[in-house]
Amino acid sequence: MFLTKKSSKKSQSLVKNVMTVNAYSSKYYMLKNDKFEPLKKLTYNTSNYIVSYLSNKDMINTVVHLSRSIPEEDVADILDIKAYEELGLDQASDYIISSIEVETAAEEREFHIFVAEPSVINELYLPIREKTKYVDLLIPAPLLYKSLYRKEILNSTGVHCFIYFTKKDAFVTLYKNGEYLYAKSIEFSLEQIYDKFCELAGEKVDEKEFYKILETEGLKTTNYEYQQNLIKIFGEVFININDIIIYGKRAFNLDEIHKMFIGSAKGPIVGLDEYSQNYLGLESVDLNFNYSMNNDEWYTDQLQYMMLLSSYDYMEDERSIVNLTMFPRAPSFTNRASGQFIIATLAATAIGLAYPLYYLAGSYVNDAKIYALDIQNNKLQEESEKYKKILGTKKKEIEVLDGKIDMLTTKYGGKTKTLTAIYDKKVNYRLKSGLLHQIADELTDYDVNIDTLASTNDTLWASLVSSNDRKLTELIKYISDTHYEEIKEIDIKLIEKDLQNSYYKGLLKVELK
C-alpha cells in the first residue's frame, strides 16, 4: 500500500489516524489500521489529522505573475495586494487568501491564488468545529486531483479534464502535465439535476428512486421517459462543458484534451462516459480509481480518497498544497503561554522548597540566570528597535503604494470596463445560426419556398412563396408558437397572389432577441 507514513516529524509524533470530512454532505471517513471506513459521528481527538475541502463555487481564484527579483520575504504581502487588485476584492473586508507557485522556467514567477470569504467558511464548518475543535487542512476542491499524479495513479503527461458532480456543486477542472490550470463550476450539481428532472417530469419524483436509477442505470435506464429527460439534462450539461473546454484551449494554448474523467459523489453514472465521447469527440472514462486500500463499500466518494492522499502530501511538504483553514489545532502545552507559565511556576515552587538546603547553589544559579536574561534583554531591545524602524519604513512605502494604486485604479477603470465588454462578447456571444437553420427546416416542412433572403443585425427578411396562402399563415403561427423565447417579433407583409403563375407571396420579417 502506497500510503506510507514517511511524513514530517510532526505527523509521525502526533498523528495516528487521518479523518476526511465532507462538510457539504456530512459524510466522514477515517484511515485506521490500513482500512478506510466511514464514521457515524465526529469526535475530538488530537491524534486525528482532520482534512476537508472547499467547493469550487465557494471561492474564487486567479493567476498572477511576479518578477523573480522580488525578495522572498516580500512575496506574501505582494500576493495579497495582487489578489485584491486582480479579483476586485473589497478593500474594507478581510479574506482568506492562500497561494501555490507553479513550477516554470519563464522569466516571471507564476502563482495560483485562491480566495474565500471567512463568513462562508465559518457558516459551513461551525457544526464540525464544535465537535472536532480544529481542521488541520482545508483544500480547494480543484487541487485534490494533484494527489493522483503525485501517487502515480495517473500519468502526468498530457492534458486531462475532470468533471465531478457533488451534492452542492459540479465543477470542471483542467490539468496539464500534472499541474493545475483552471476550474469552473456549472449550475448542474446533483441537487440541481434532480430539480430539473422533476421539472421535466412535471411531478415530484422520489429522490431516493431518482438517485438509485442514476447510480444503477444512468442514461441507459429502461424507463423511456426517464431516459429522455436525463439525456435532455445532460445535453445542457455538455453544452456548458464544451464552452469551458473551448475557453480553456484558447486561454492556455492547448492543442487538445487527451482524456476526460467523469464521476460523481454518488458513483459512476452509467452511459455518461459514452455520451461524453460521442458529444465532445474526446476519450472519456469514469472517474473511479483504484487506491489500493481496504474498504467495504461498493463505492466511496472519490473526493474522500483524494483528501486522504492530499493530507499525506501536505504533512510531507506544507508548501505543496493550498490550505484555507481558519481553524488550526492549538499548539502543544509546552508551546502555549499558559503552559509555559504553569511550567515556570512549578519550577519556581520546586526551587523555593529546595532553597533551605541548597540556598548557596540556588543563589549562584539565580544570579547566572539574571545575568543571562539581562544579556538577552539587551539583544531583544536592540532587535526591537531595528524592527520598529523597518515597520516605519514599510508603512511609508505602503502609503506611497496606496497612492499609486488609487491613481492606477482610476486610470484603468475605463479600460477594465472595455475589456469586460470585449470578453463578454467573445465568451458569451450566442450564435444564431442554429435557430436560422431550424427555421429553414420548418419552411420545408410546410412546403414554403424562399425567393430571396437577407439579414440585418438581428433581423431576418425572407420573401416566401407558396402555392397556398394558408400554408404561409400556418407556418408563421408555428414559428411564433415554437420559438417565442428566441424571437422578439415576427411579422409578414400583405400576402398577395401572383397573377402570372398563381403563387402566393409574402415578405416575412423575423427579429431575434
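**Exercise 1: the cavity**

Task: find how many cavities of 30 Å³ or more there are by this rule, and state which residues line the largest cavity.

Solution. The count comes to one cavity of 30 Å³ or more, where a cavity is a set of points on a 1 Å grid over the protein atoms alone at which a 1.4 Å probe fits but cannot get out, and lining residues have an atom within 4 Å of a point. A volume is the space filled by probe spheres set on the points, which are joined across faces, edges and corners. The model is predicted, with local features needing pLDDT of at least 70 and side-chain atom pairs pLDDT 80 or more, while totals for chains, interfaces and linings use all residues. Residues are numbered from 1 along each chain as its sequence is written, and side-chain values use heavy atoms, without hydrogens and water.

Next, the largest cavity holds about 30 Å³ of space, and its lining consists of Phe197, Phe210, Ile213, Leu214, Tyr226 and Leu230. α6 gives the most to this lining, with three residues.

**Exercise 2: the helix pair**

Task: describe how α6 and α7 pack.

Solution. Helix α6 (residues 207–216) and helix α7 (residues 224–252), both DSSP runs of H or I with at least four residues, pack at about 75° with axes 12 Å apart. α6 is therefore roughly perpendicular to α7, a term for angles of 65 to 115 degrees. Finally, Glu209, Phe210, Ile213 and Leu214 in α6 meet Tyr226, Leu230 and Phe234 in α7, with contact meaning heavy atoms within 4.5 Å.

Conventions. Axes fitted to C-alpha atoms, helices over the stretch in contact; angles between N-to-C directions. Helix = DSSP H or I, 4+ residues; strand = E, 2+ residues; numbered from the N terminus. Parallel < 35°, antiparallel > 145°, perpendicular 65-115°, else oblique. 1 Å grid on protein atoms, 1.4 Å probe; cavity = no way out; pocket = protein on both sides within 12 Å on 5 of 7 lines; lining within 4 Å.
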